[in-house]
Amino acid sequence: MHDFAAKLRQPSLWPHVVDYLKWQRALRAAVAEGRSLPQTPALVPLSINLDLTTACNYACDHCIDWDILNQPTKHLEQELVDSIRLMAARGLKSIILIGGGEPTLYPGFVSFVRMAKELGLQIAVVSNGSRNEKILEIAPYLDERDWVRLSLDSGTNATFQRMHNPSKKSLTLDEICAWIPKIREVNPKPTLGFSFIITWRGAQRDDVKVVENLDEIVLATERARNAGFSYISFKPFLERSDKGSEVMDPEHAEEELAGVLRRIRVLVDEAKKLERPGFRVLESTNLRLLMENRWREYTNQPHVCHFQALRQVLSPIGTYNCPAYRGVGYAKVGEKDAYKDEANLARTSSATEGLLRHFDAAKECREVTCLYNGANWWLERLIESGTDLDTVELAEERRDWFL
Ligand code: SF4
């Protein structure tokens with residue numbers, strides 16, 4: 001899932017990447033020789049995180065986007081449709097509906113998904129599970145490459161409610177999970193995931209202590225399997241750094257960190273015994289790195305982050321270079337209408353070029369355990385080495401376009 005270099009070498013994506021690499025080489029050569037710069041091409045990302053809304057009906061103690069929720073700014077429906085149509089015509093292949101907000105609260109959620117599927121885009125939805133009737137409504141439009149992931153983070157109703165504080169106080173994990181068989185009945189093709197962010201004693205967001213859920217890893221896995229999810233995925237809790245980026249800061253664990261990690265290892269291994277055909281237990285890349293004590297390796301980024309041109313975040317509060325910098329002013333490439341027409345596209349491409357030249361990822365992202373680290377270095381080496389791009393071995397076409 002996180003082998004982004006292999007994804008980019010799929011025959012369906014590689015020509016777009018080659019265009020980008022050739023332009024980067026030309027740009028660097030012009031800078032080195034003091035010549036005028038080549039014209040900036042239309043830099044449309046292959047994949048976007050799209051925040052349909054910043055509204056949320058939960059108040060999760062561990063929410064990484066707490067400061068940008070429930071803003072008055074909203075997408076204008078036609079502007080959003082125009083933006084997606086233009087981007088799809090210029091190379092966009094996939095959309096992850098996520099947030100910064102609960103996507104199913106967007107009034108045009110169902111019609112948006114239908115429109116995006118008509119354009120041939122892959123769609124993923126990350127939802128809090130509170131409005132699964134909306135997931136049921138979009139289910140007929142999804143196919144086997146699309147996925148829905150519910151952020152549930154608990155194995156008991158009590159922990160679910162303490163962690164998420166849903167506005168409908170009576171909402172339970174039981175009620176949310178009961179929708180899964182109904183969704184499957186409408187359409188068995190899309191992958192349905194149960195996401196579990198592992199929190200530990202001492203973890204906190206700003207001054208808020210986060211509820212510990214570590215002991216419910218196995219219970220949640222049983223629940224996910226019995227409900228009919230395709231998988232449960234475990235990730236470590238992230239915080240926002242003082243500069244706004246998403247970082248992993250396990251040093252805040254109240255017990256000795258090594259002890260916390262040992263407990264996680266034992267519990268995830270126990271959970272893995274519950275795997276069966278059609279149900280998997282997944283560890284996120286950053287959880288694996290944390291447990292192998294290798295997470296600092298992924299904080300060593302090249303100076304140029306190439307993923308700023310290949311994957312961006314479009315939200316009602318603006319368009320950003322990376323999900324880790326959602327809502328951060330200096331990482332903005334445009335407003336919510338950044339791709340609504342050719343004129344805005346040209347301005348946004350210039351802004352993206354500006355960040356590619358001046359946003360020093362080696363410095364700015366040195367606290368971020370970046371999942372794109374390996375692929376970014378691979379792209380950097382392809383540019384600098386002058387390798388004949390026609391000789392790069394293509395990867396198997398999996399039609400997996402999510403970045
Ligand atoms: S290096 Fe990683 S964290 Fe930094 S902007 Fe790029 S993708 Fe985001």
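**Helix packing, ligand shell and backbone exceptions**

The structure is a predicted model, in which local features need pLDDT of at least 70 and side-chain atom pairs count only at pLDDT 80 or more, while totals for chains, interfaces and linings use all residues. Residues are numbered from 1 along each chain as its sequence is written.

**Overall architecture**
- The protein contains 15 helices and 14 strands (DSSP runs numbered from the N terminus: H or I of at least four residues for helices, E of at least two for strands).
- Its radius of gyration is 21 Å, close to the 22 Å given by the globule rule for 403 residues, so the protein is as compact as a globular protein of that length (taken over C-alpha atoms; the rule is 2.2 Å times the number of residues to the power 0.38).
- Along the principal axes, the C-alpha atoms fill a box of roughly 65 × 45 × 40 Å.

**Helix 9 and helix 10**
- The axes of helix 9 (residues 217-227) and helix 10 (residues 257-272) come within 8 Å and cross at roughly 20 degrees (lines fitted to C-alpha atoms over the stretch in contact, with angles from 0 to 180 degrees between N-to-C directions).
- That angle makes helix 9 roughly parallel to helix 10 (under 35 degrees; over 145 is roughly antiparallel, 65 to 115 roughly perpendicular and the rest oblique).
- In the contact, I217, V218 and T221 of helix 9 meet L267, V268, E270 and A271 of helix 10 (C-beta atoms, placed from the backbone, within 7 Å).
- By class, this contact of helix 9 with helix 10 has five nonpolar residues, one polar and one charged (Ala, Val, Leu, Ile, Met, Phe, Trp, Tyr, Cys and Pro are nonpolar; Asp, Glu, Lys and Arg charged; the others, Gly among them, polar).

**Helix 2 and helix 15**
- Helix 2 (residues 14-33) packs against helix 15 (residues 373-385) at an angle of about 55 degrees, with their axes 9 Å apart.
- Helix 2 and helix 15 are therefore oblique to each other, and helix 2 passes helix 15 in a right-handed crossing.
- L21, Q24, R25 and R28 in helix 2 meet L379, L382 and I383 in helix 15.
- The contact of helix 2 with helix 15 comprises four nonpolar, one polar and two charged residues.

**Ligand shell**
- Of the 13 residues around the ligand, C305, C322, A361, C365 and C370 come nearest (C-beta atom, placed from the backbone, within 6 Å).
- The shell divides into nine nonpolar, four polar and no charged residues.

**Backbone exceptions**
- Most residues other than glycine have a negative phi, and most peptide bonds are trans.
- The peptide bond from G99 to G100 is cis, with omega near 20 degrees, and G100 lies in the loop between strand 2 (94-98) and helix 4 (109-118).
- N70, although not a glycine, has a positive phi of about 55 degrees; N70 is placed in the loop between strand 1 (47-51) and helix 3 (77-89).

Terms used
A crossing is left-handed if the near helix is turned anticlockwise from the far one by less than a right angle, and right-handed if clockwise. Two residues are in contact if their C-beta atoms, placed from the backbone, lie within 7 Å.
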